[in-house]
Structures are given as structure tokens and as C-alpha cells.
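Welcome, and please take a moment to turn the model around before reading on. We will walk through it a piece at a time.

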Amino acid sequence: MGNRSSVIVGRDDELTALDTALSSVRAGRGGALFLVGESGIGKSRLAAAAAERGFAADMRLLRGRASALGPMVPFRSLTEAMLSLVRLGEPIDVSALGPYRPILAKLIPDWGEPPGEQEGASLVILAEAVLRLTALAGRDHGCVVTLDDLHNADPETLAVVEYLIDNLADQPTLLVCGICDEEPSPALRLARSAGQRRDCTVLDLGHLARADLPTMVGSYVGVRADRVPEPVIDLIWAGSDGNPFRVEELLDGMLDSGVLVVDGDNCALTARLETNLPVTFVRSVTRRMDLLDTQERQVLSVAATLGRRFPLAVVRRVVGLDYRDLLSHLHCDAVARMVGQDEQTPDWYAFRHSLITEALLAAFTPAQRAQLAGQVADAVEEIYPGLPGEWCQVSAALRLDAGQQPRAGLLFAEAGRRALALGAAHTAVVLLDKAADLLTNAAARADVLEARLDALAEAGLIDRALATAEVLDQFGGQVDHRRRARLHARLAWVANLDGRTVEGLGQVETARALLGPDAEPQDVAPLDVVAAYLRLDLPGPGRMAEAEAMARRAAEVAERVPLPVVACQAWQLLGALVRPRDPKEAAHFLERSRSIAVRHDLPIWEIHALVRLGLNDALQDAGIERLEQARQKASRIGAVTARYQAEVNIALQLVLRGDFAAAQAVIDQVLAATTRLKLMEITQFMLLNRAVLAAHRGRRRDMDRALAELRKWDVEPGQHLSRVHGLAKAFCALLEEDRAAARHELCLALDAETRNPTPFRLAGRNGLNLLLAALEMELDPSDLRSVTEAPGGQLRWDRQFALFAEAVLAGRDGRADAAAALVADALRVGEPYAMGRHLGLRLVAEAALADGWGTPLDWLREAESYFHDTDVAAVAGACRSLMRRAGHRVTQRRAGVADIPPSLRAAGITAREYQVLRLLVGRLGNQEIAKTLHLSLRTVEKHVSSLMSKTGQPNRVALGKFAVADE
């Protein structure tokens with residue numbers, strides 16, 4: 001009997017390429033390498049060599065193979081690879097994966113429940129999770145990932161592979177994939193395309209040269225290469241065409257039939273052998289089957305029906321053998337040449353090559369194959385009740401082979417729904433298409449169609465989904481009108497996802513016509529929700545009121561029926577719609593949505609409610625605690641998108657607070673991920689935050705760059721216009737001391753808000769615009785009261801500017817005490833907002849100087865100090881100019897000013913005076929101070945006198961005590 005050769009022959013260049021790639025990985029630079037060629041050419045052998053070399057270098061190994069148990073099993077090869085990492089080697093600290101660990105529960109069940117369906121729908125997020133896991137696994141010595149038979153992989157696996165190709169360069173991971181090129185496949189196209197871009201290395205494996213055969217044959221049969229006779233080489237060369245697997249199969253057949261005889265260190269032919277592959281190969285397998293006993297043949301037949309890999313439990317159930325007898329058959333020499341223990345999973349075995357499985361199945365008649373498939377399907381359903389995981393799809397394929405089309409159709413439908421829940425939308429489409437072709441019952445086909453609409457929408461196949469409208473008409477009276485209406489409602493959601501507002505509303509109207517005037521409320525509520533969302537996309541000021549009415553109607557019905565998802569959607573939409581006019585009512589609606597989500601175990605909807613509640617808190621009281629709570633909850637369950645939504649709001653609040661460094665860190669971190677993950681909406685809002693951040697620092701060039709990037713991502717420019725003009729450009733103009741430009745930007749913001757109202761606020765209508773109008777004498781007190789007394793005017797950011805505006809009006813009317821008190825209120829309300837508060841002081845101080853009220857010099861000193869420290873030169877200079885105009889001596893800015901405590905800086909103490917004050921702590925006399933600072937005695941005396949005046953201390957002794965206390 002021949003032994004599988006441990007020598008790799010004729011692949012010197014390929015092995016060199018592998019060694020080079022592994023060296024790069026050890027140096028910290030990863031990449032992808034594709035082994036391409038026909039079946040049996042040696043792809044798996046080279047992939048194994050990569051794994052062996054990586055293992056020898058103490059690298060982590062992850063190994064998987066595509067579609068081992070049937071067609072289109074989502075993420076099969078990735079699951080095997082991830083599980084091999086979990087089972088083998090030293091454990092890794094998976095907590096370092098953060099929110100991406102729950103995402104990987106799709107591939108590694110031991111890591112908990114996978115995230116909700118909304119989060120699970122993103123393939124790119126799953127790919128990012130896999131990327132991060134390989135980086136973690138290879139952190140110390142590198143990581144090798146081998147995925148064999150990638151040509152059989154599902155579209156979702158290929159999407160992950162493509163993502164890895166694009167992002168492996170900067171981490172120590174080598175991805176090695178084997179692809180058969182005998183037929184076109186998406187995997188092959190992916191490899192060729194990436195190779196042309198030089199994003200990966202593609203090794204096309206050719207046939208062995210004739211000169212390589214003596215070494216290979218000698219290694220296989222156990223003799224030296226120079227002892228292999230030429231007739232043997234001639235025969236092998238003619239039959240194999242240099243294909244390594246065919247060489248081995250021919251040698252097996254020749255040895256088994258006695259054509260080739262090995263005697264010590266010699267071998268020789270005894271007869272001629274038919275060499276017409278694959279006929280010879282099939283005949284070889286058939287001949288070996290004929291030499292087996294009945295039970296051994298039955299074992300192999302059942303195993304081949306299951307696929308290349310098979311579990312012993314199912315084979316035992318079909319053949320009726322106990323465990324020991326089954327193992328004895330599998331381990332006999334003749335069977336062991338064709339099957340062996342699976343390296344990945346205990347109690348599983350695998351054929352040594354997929355061609356063996358095909359040869360065994362080719363020997364069956366159609367009737368025999370159908371009967372055997374039915375028996376195996378029955379065993380699978382008994383061994384695996386409920387058909388968990390991939391077994392549903394395996395059983396569906398077996399039922400189809402058995403000729404049981406309706407039963408197969410129902411199983412394919414269930415497999416499709418499960419694939420969709422995993423985020424494998426493209427696979428779900430294929431499975432549901434197959435189910436629709438097999439099912440003839442109208443009700444069952446309608447169920448499939450409903451799921452297929454969701455799958456097509458998630459896969460981005462919007463045109464195909466909307467084309468389903470034609471299919472609905474074919475049901476006629478076979479499906480009741482309520483079911484048809486529900487299908488049209490699904491079509492409306494699909495249209496809404498793609499921004500096809502008119503088409504979506506048309507589907508809603510069709511559904512309403514089917515339901516008729518006496519429709520049940522529970523049938524109408526889902527239509528009202530989708531119609532409300534669609535209505536928001538139409539232009540015109542009245543659309544928000546219409547959307548609110550429909551959402552209220554849907555919410556009330558959904559709670560009564562109940563329809564928990566519809567209720568969550570409706571109350572959250574209502575929370576967004578009413579927030580501008582009544583934040584407290586908005587909070588009530590959002591709490592209601594959260595309560596429903598908790599009661600009905602809808603964690604994703606709970607987190608979305610928590611994010612919106614956190615935004616309410618931030619707008620009302622500047623608190624971000626609940627936003628942080630939402631971020632943490634989202635991280636724990638792997639809800640990556642929800643986490644980023646929380647961080648969008650956290651970043652904006654950090655900007656408004658003037659915590660620019662922290663805001664910059666959050667914005668950069670999130671944008672790096674969302675741009676790569678192509679999360680459009682979150683990226684748009686975070687780019688807007690980047691523009692606002694730059695504007696609030698007075699950095700116009702950075703603001704313009706962020707807005708230019710926003711325009712590239714913004715498919716609906718009008719959505720963000722009010723904030724762009726009111727929260728970014730207007731503030732940037734003010735920090736440039738260009739008040740006319742700021743007024744112009746605010747006019748544009750308010751005009752955009754009027755023409756196209758949105759739930760988003762802070763554009764200035766109830767805040768900054770009031771203050772600037774008051775300064776320009778264009779604000780009527782009654783208009784101010786109507787804003788400040790309305791619930792929508794209570795957002796804390798806006799309230800500080802409204803109070804400053806009221807102070808300006810009171811001061812102008814001669815009510816000095818009231819004006820000063822209002823400034824104090826504005827400072828208290830604006831306490832969290834460093835930049836906004838100081839900008840308000842700079843603006844109101846100018847009016848106070850003109851009208852003679854308050855303490856404008858103190859306000860200007862405080863504002864000047866802040867804007868000087870934050871490098872906003874125009875405002876700092878304007879503050880100094882106003883102080884000089886008021887007759888106040890403005891000290892020169894010197895090095896060391898940053899060391900002066902804020903309270904002393906506000907009192908006007910200079911850097912030199914602060915040096916003198918520090919020396920007073922040591923009770924030094926004026927002459928000693930003068931000597932220490934290299935000053936004249938008269939200069940020191942002036943500084944001490946000035947310090948007493950500015951600190952309010954009566955004499956030098958009290959000033960010394962004050963210095964000690966300050967120290």
C-alpha cells in the first residue's frame with residue numbers, strides 16, 4: 001500500500017513565496033496569498049506547508065475549508081477557522097476585542113448570543129471583528145489563516161475575505177486560500193482582481209514536470225528516485241498529466257491491482273494499466289469499493305451522501321452499527337486509504353479528497369441515490385432535533401436529492417431565514433429563491449416572499465425586491481388580502497430604505513386599498529409607521545405634523561394589540577418629532593419605547609431608546625451619563641452601530657463643552673471605523689461634528705475641509721444645512737470677529753430650518769440668533785419672551801445665549817441690576833460650555849460698556865484669558881481692544897502667563913507680578929526679590945503695590961499671607 005508523500009515536489013518557487021510571506025508576517029506586515037489551480041494540483045498540500053512552517057515559527061494557526069457539508073453554508077470555512085483557534089494553542093484575551101466579541105458569536109457560539117438582527121445585518125462589521133481577532137491572535141509571533149476550497153464559499157465569506165485582503169497589510173497575519181480554477185467562480189474573480197491591484201499574491205499552480213515524477217513516485221512507494229523505472233514514469237505521466245493527486249490515485253490503483261510491484265528498494269510494472277482519467281480514477285475507486293464487505297460499502301455510501309466531512313452519529317443511525325464496529329470498518333486498510341479522522345472536530349471523519357466523494361456518488365443509480373438521501377435525511381433529523389445551524393440546509397439538500405420537493409422547499413425557506421438572521425443576506429436570497437421554486441402552496445410561497453423581501457433589501461438588491469410587486473398580483477385570491485397588504489407594506493419599507501419615497505407611498509396606498517375602509521387596526525398600524533417615515537422625506541413644512549399624527553395612531557394600536565417592534569418604532573419616531581417643541585414629552589415617549597423593548601426582550605430597540613434619551617439629557621442639562629451608559633450596553637452585546645450613534649452625540653456634547661481634545665479623540669476614532677465600515681449616516685454626523693469642532697476653535701480651514709468631506713458623503717444636503725450654517729459657520733465667523741458674516745450664516749440656517757424642518761436643533765433660532773439680534777437692536781422683548789417661555793426654548797446650550805440677550809435688553813432699558821443678574825444666570829446655565837460662555841461674555845461686555853452697567857472689564861479679562869489660552873487670537877485681541885477703549889491698562893502678554901492660576905489672571909495679575917507674589921511666600925524683602933529677579937528696587941515696590949491693589953490686600957503682611965494661602 002502506498003503512503004501519502006511527505007515531500008513537496010516541483011514547487012520550489014511557491015515555497016519560496018510562502019517563506020517570504022511568512023518572514024514579512026514575522027516582521028509585522030501581513031498579506032494574502034492565493035493558491036490557484038485545478039483539482040488535485042496541490043493547493044491543499046501547499047496550504048498545509050504554510051501552516052507547518054507557521055507552526056514551526058510559533059505562529060497561531062486558523063484553518064478552515066469551504067462548503068464541506070453542502071452548498072452555500074454561510075460562514076462555514078470562517079467558523080472552522082475560528083473554532084480551530086479556540087480549540088488549539090494558548091488562550092487569547094478575547095476581552096480585548098471589546099464590542100466586536102459578541103459579533104463573533106455568529107462564528108464561535110461559545111462566545112455568547114450573537115447581537116440582534118439589526119446589528120447582525122452588517123457583513124463589514126463582522127469582517128472587522130474577524131480582522132481584529134486575527135490581529136489579537138498574531139500579536140506576539142504572527143498568525144496564519146488557511147481557507148481551502150474557497151471556490152465553494154458563500155458570498156458572505158468572500159465579502160469577509162475581500163475585507164481582510166484590503167486591511168491585512170499593517171498587522172502580522174498571513175491569509176492563504178486555495179481556489180479551484182476549473183470553472184469560473186466569484187472567489188476566482190476576487191483573487192484575480194486583487195492580484196491585478198497588487199493587493200495580494202496569486203500563485204497559479206501548474207502541472208508537475210515529467211522530471212519531477214521520479215522523486216514523487218519514489219517517495220510515495222518508498223524507493224529512491226533513481227530506482228523508479230522509465231516505463232513507470234511513462235505510464236504515470238500519460239495518465240496524470242502532472243497532476244499530483246492523479247499521480248497518487250494512479251499509484252494506488254496500480255499497487256492495489258498488482259500492476260506495480262515494490263520489492264525492497266526496487267519497483268517494476270507487471271502489466272499495462274488503463275490511464276484515461278477521470279474514468280480510470282472512478283474505476284479505481286469502484287474497484288476498491290468492490291473489495292470491501294457489504295457493511296464497509298454501506299458506510300462509505302452513507303458518508304459520501306453527507307459530503308466530504310461526516311459525523312459518525314448520522315452514519316451509525318443509518319447503517320445500524322455500534323460505535324466500535326463502525327470504527328473498525330473506518331480503520332481497515334482499504335477504507336482508511338479513502339477516509340481519515342477530521343482534524344477539526346471530534347467524532348467526525350473526512351474523505352481524503354473531494355474527488356473520492358464524487359466518484360462514489362457517480363456509482364449510484366438515480367433511484368439508489370434518492371433512496372439513500374431520504375434515509376440520511378431521516379437520520380439527520382433524528383440526531384439533530386430542530387435541525388440547528390447548518391443541518392437545516394443539509395437536510396434541505398438531502399430532501400431535494402430524495403425527490404421530496406415540498407419538504408425541501410420548507411427547509412430551504414427556514415435555512416434562508418436563519419441565514420438572514422446571521423447577516424448572510426446574499427446566501428439567504430439564494431436559499432429563499434430555491435424555496436420559492438420548490439413550493440407550490442400559495443400561503444407557503446407568500447411566507448417565503450415576505451422573508452425574501454427582507455433578504456433582498458439587506459443585500460442591497462433593491463430593484464429585485466421592488467420587482468416583487470409583479471409577483472404579488474399573481475397570487476390573486478389564493479392568498480387573503482391581509483397577507484397581500486402586509487407584503488406591500490414590506491415593499492414600502494424596502495423603498496424607504498433606498499430613498500424611493502414616492503414609490504414607497506404608492507405601496508402603502510396599494511396596501512390600504514387591499515385592506516379597505518373597514519381594515520383591522522393591527523393591519524393598519526405597520527402601514528402608518530412606514531408612511532410616517534416616508535412622509536418625513538418629502539419637502540414642505542407640514543410633513544412633520546402629518547408624520548407625527550400617523551406615528552401616534554400606530555403607537556396606540558401597536559401597544560394595544562400588541563405589536564412591540566411597531567410600538568418601539570413609533571414611539572421613538574415620536575420622540576424625535578416632538579423634541580424641538582417639548583423635550584420632556586419627547587423623553588416620556590422614549591421611556592415608553594424603552595419599557596416596551598425591555599418587556600418584549602428587544603435589546604437593540606432598548607439601546608436605541610437609551611441613545612435618544614441620553615441625547616435628551618445632554619440637550620436639557622448637558623449631562624452625558626446616559627449616553628455613556630448606552631455606549632457601554634451597546635459594546636457589551638456587540639451592537640457596534642448603536643455604540644457609534646451614542647458616540648456621535650457624545651462627541652457633539654464634548655465640542656459644546658469646549659473639551660476639544662476629548663472630542664477630537666472620539667471623532668477621529670469613530671470616523672476611522674465608520675468610513676472603513678461605510679456606515680453612511682454615522683459618518684455624515686461625525687463629519688458634521690468635525691466641522692463644528694473646527695469652527696468652535698476658530699479654525700476655518702479645518703472646518704472647510706470637514707464640510708467638503710461631508711458633501712462627498714451627504715446624499716441629502718438639505719438635512720444638515722441648518723447646523724452647518726448655525727452651529728459651525730456662524731460660530732467660526734464670530735471667532736474671527738466678523739459679526740456681519742455670523743448674522744448672514746444664521747439667516748441661512750433659519751431659512752433652511754423653515755424650508756425643511758428637521759428634528760435636529762441647536763441651529764441658533766432659540767439661542768445665538770437672539771443674542772446677536774439684541775446686540776443689533778433688532779430684538780423685540782415680546783419675541784424673546786415667546787421663545788424663552790416655550791418648552792422648545794429650554795435647551796441649555798440655547799438658554800445661555802437667550803439669557804445674555806435678555807441682559808442686553810435690560811441694560812439698554814436702564815435696569816442695570818436686572819441686567820447684571822441675568823448675566824450671572826447666563827454664566828450659571830452656561831457653566832458646562834466653556835467656549836460658548838466666554839463668547840457670550842465678550843459679546844455682552846461690549847453692550848455693557850456702551851450702556852454703562854455690569855462689570856464689563858472683569859468679563860473681558862476672563863474672556864481674553866480664555867481665548868488667549870485657546871489660541872483664538874481675534875477674540876482675545878478684541879477683548880484687549882475693548883478694555884483699552886474703556887481706559888483700562890492692558891498688560892503685555894509674557895511667557896509664564898499659563899502658569900498663573902485662573903482666579904489671579906482674572907484679577908489682571910501679570911506674569912512678572914506673579915513671580916513677585918511667589919517669592920513673597922518665602923517672606924523675602926523687596927531688596928532680596930529685586931536681586932533674585934534682576935529688577936530694580938523701585939520696580940519691585942511698584943509690583944507689590946499693584947498686587948495689593950489687584951488682590952484687595954491692605955498691606956504687605958496681608959499680601960504675604962495671601963501668597964501663602966494661594967500657594
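A residue is called buried when its relative accessible area is under 20%, and exposed when that value is over 50%. Keep in mind, too, that this is a predicted model.

Is Ala-634 buried or exposed? Its relative accessible area is 0%, so Ala-634 counts as buried. You will find Ala-634 in helix α31, which covers residues 625–637. Leaving aside residues up to four places away in sequence, Ala-634 touches Ile-607, Ala-639, Ala-642 and Arg-643. For a sense of distance, look across to Thr-427: Ala-634 and Thr-427 are separated by 207 residues in sequence, and their C-alpha atoms are 27 Å apart in space.

Now for a whole strand. Strand β3 runs over residues 143–148, and six of its six residues are buried, so the strand is largely enclosed by the rest of the structure. Both of its faces are covered: on one side sit Cys-143, Val-145 and Leu-147, and on the other Val-144, Thr-146 and Asp-148, all of them buried. What pairs with β3? Strand β2, residues 60–65, runs parallel to β3 and is joined to it by six bridges. Within this pairing, Gly-64 has Leu-147 of β3 as its bridge partner. Strand β4, residues 173–180, also pairs with β3 in the parallel sense, here over five bridges. In that pairing Cys-143 stands opposite Thr-173 of β4.

The cysteines deserve a look of their own. How many disulfides does the structure hold? The number is zero. Cys-180, for one, is in no disulfide: the nearest cysteine sulfur belongs to Cys-177 and is 14 Å away, whereas a disulfide needs two cysteine sulfur atoms within 2.5 Å. Cys-180 has a relative accessibility of 8%, so it counts as buried. Cys-568 is buried as well, because its relative accessible area is 0%.

Leu-260 finds its bridge partner in Leu-269 of β7.

Next is an open sheet of three strands in the order β8-β10-β9, with antiparallel pairing. β8 (309–311) and β9 (339–341) stand at the edges, and each has a single partner strand, so one side of each is left without a neighbour in the sheet. From one strand to the next, the twist averages 30 degrees. Between β8 and β10, residues 348–351, there are three bridges in the antiparallel sense, and Phe-310 has Tyr-349 of β10 as its bridge partner. Helix α14, residues 312–319, lies across β8 and β10 and runs at about 65 degrees to β8.

Our last stop is helix α25, residues 501–515. At 1.5 Å a residue, its 15 residues should span 21 Å, and the end C-alpha atoms are 21 Å apart, which agrees. Which residues of α25 are buried? They are Thr-501, Gly-504, Gln-507, Val-508, Ala-511 and Leu-515. These residues cover an arc of only 125 degrees around the axis, so they lie on the same side of α25. Just after the helix, Gly-516 takes a positive phi of about 80 degrees.

Terms used
Residues are numbered from 1 along each chain as its sequence is written. This is a predicted model: local features need pLDDT of at least 70, side-chain atom pairs count only at pLDDT 80 or more; totals for chains, interfaces and linings use all residues. Side-chain values use heavy atoms; hydrogens and water are left out. Two strands pair if DSSP finds at least two bridges between them. Helices (H or I, at least four residues) and strands (E, at least two) are DSSP runs, numbered from the N terminus. Axes are lines fitted to C-alpha atoms, for helices over the stretch in contact, and angles run from 0 to 180 degrees between N-to-C directions. Contact means heavy atoms within 4.5 Å. Buried means under 20% relative accessible area, exposed over 50%, partly exposed in between (1.4 Å probe, protein chains only). The expected span of a helix is 1.5 Å times one less than its number of residues. The arc is that of the directions from the helix axis to the C-beta atoms.
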